[in-house]
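Subject: The structure I promised you

Hi,

Here is the structure we talked about. Have it open on your screen while you read, and click on the residues as they come up.

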Amino acid sequence: SLKATIKPQYVDHIPRAVRGQVGDVLRTKDERTEVEGWDCFDWAITEAELKHLLDREIRDLSGGELQRFAIAAVAVQVSDVY
């Protein structure tokens, strides 16, 4: 069976479903670093320009920041289809 991972279209709903700081949530979701043997977490936060937001609460992110957070959250998960 295939595992599909999707980014929510309506990112304004994310703060209602996910609580915590950006860095903590992404570290929790990061499966690829261990499975693939490289620092996927650092790659995702760098590419999504989230390094300066790691200590910020998800509820305090702007719309664009939520978009980048959602993309990074999907990117760090092991999946067959993204």
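Below is what turned up, going from the inside of the chain to its charged pairs. One thing to keep in mind throughout: this is a predicted model.

**The core**

Let's begin in the middle. Which residues of the largest nonpolar core touch the most other members? That core has 21 residues, and the ones with the most such contacts are Ile 14, Val 22, Leu 26, Leu 50, Ile 58, Leu 61 and Phe 69. Three helices each bring at least two residues to this core: H2 (22-29), H4 (40-47) and H5 (63-75). H5 gives the most, with five residues.

Leaving out residues up to four places away in sequence, Leu 26 touches Phe 41, Ile 45, Leu 50, Phe 69, Ala 72, Ala 73 and Val 76.

In H2, the buried residues are Val 22, Gly 23, Val 25 and Leu 26. They sit on the same side of H2, because their arc around the axis is only 165°. H4 and H5 are among what covers them.

H4 can be read in a similar manner. Its buried residues are Cys 40, Phe 41, Ala 44 and Ile 45. These four cover an arc of only 125° around the axis, so they too lie on the same side of their helix, H4. What do the buried residues of H4 pack against? Their partners are H2, H3 and H5. If you keep following the chain after H4, look for Glu 49, which has a positive phi, near 50°.

A polar atom of the Thr 28 side chain lies 2.9 Å from the backbone oxygen of Asp 24.

**The salt bridges**

How many salt bridges does a search of the whole structure find? It finds five.

- Lys 3 pairs with Glu 31, and their closest N and O atoms are 3.6 Å apart. This pair links distant parts of the chain, 28 residues apart: Lys 3 is in the segment before helix H1 (14-17), while Glu 31 is in the loop between H2 and helix H3 (32-36). Lys 3 counts as partly exposed, at 34% relative accessibility, and Glu 31 is partly exposed as well, at 31%.
- Lys 51 pairs with Asp 42, with 3.3 Å between the closest N and O atoms. Lys 51 is partly exposed, with a relative accessible area of 46%, and Asp 42 is partly exposed at 31%.
- Arg 56 pairs with Glu 65, where the closest N and O atoms are 3.3 Å apart. Arg 56 is partly exposed at 33% relative accessibility, whereas Glu 65 is buried at 13%.

You'll find it in helix H5. Besides its salt bridge with Arg 56, the side chain of Glu 65 reaches the backbone nitrogen of Ser 62 at 2.8 Å. Not counting residues up to four places away in sequence, Glu 65 touches Leu 50, Leu 53, Arg 56 and Asp 60.

The other one is Arg 32, which is found in helix H3. Why does Arg 32 count as buried? Its relative accessibility is 14%, and the cut-off for buried is under 20%. Setting aside neighbours within four places in sequence, what is Arg 32 in contact with? The list is Gly 37, Trp 38, Cys 40, Trp 43, Ala 75, Val 76, Gln 77, Val 78 and Tyr 82.

Cheers

Definitions and conventions:
Residues numbered from 1 in each chain as written. Predicted model: local features only at pLDDT ≥ 70, side-chain atom pairs only at ≥ 80, totals over all residues. Heavy atoms only, no water. Core = buried A, V, L, I, M, F, W, Y, C linked by side-chain atoms within 4.5 Å. Buried < 20%, exposed > 50% of the residue type's maximum accessible area, 1.4 Å probe, protein only. Contact = heavy atoms within 4.5 Å. Salt bridge = Lys/Arg side-chain N within 4 Å of Asp/Glu carboxyl O. Arc of directions from axis to C-beta. Polar contact = N/O pair within 3.5 Å; in protein donor to acceptor, adjacent residues only side chain to side chain.
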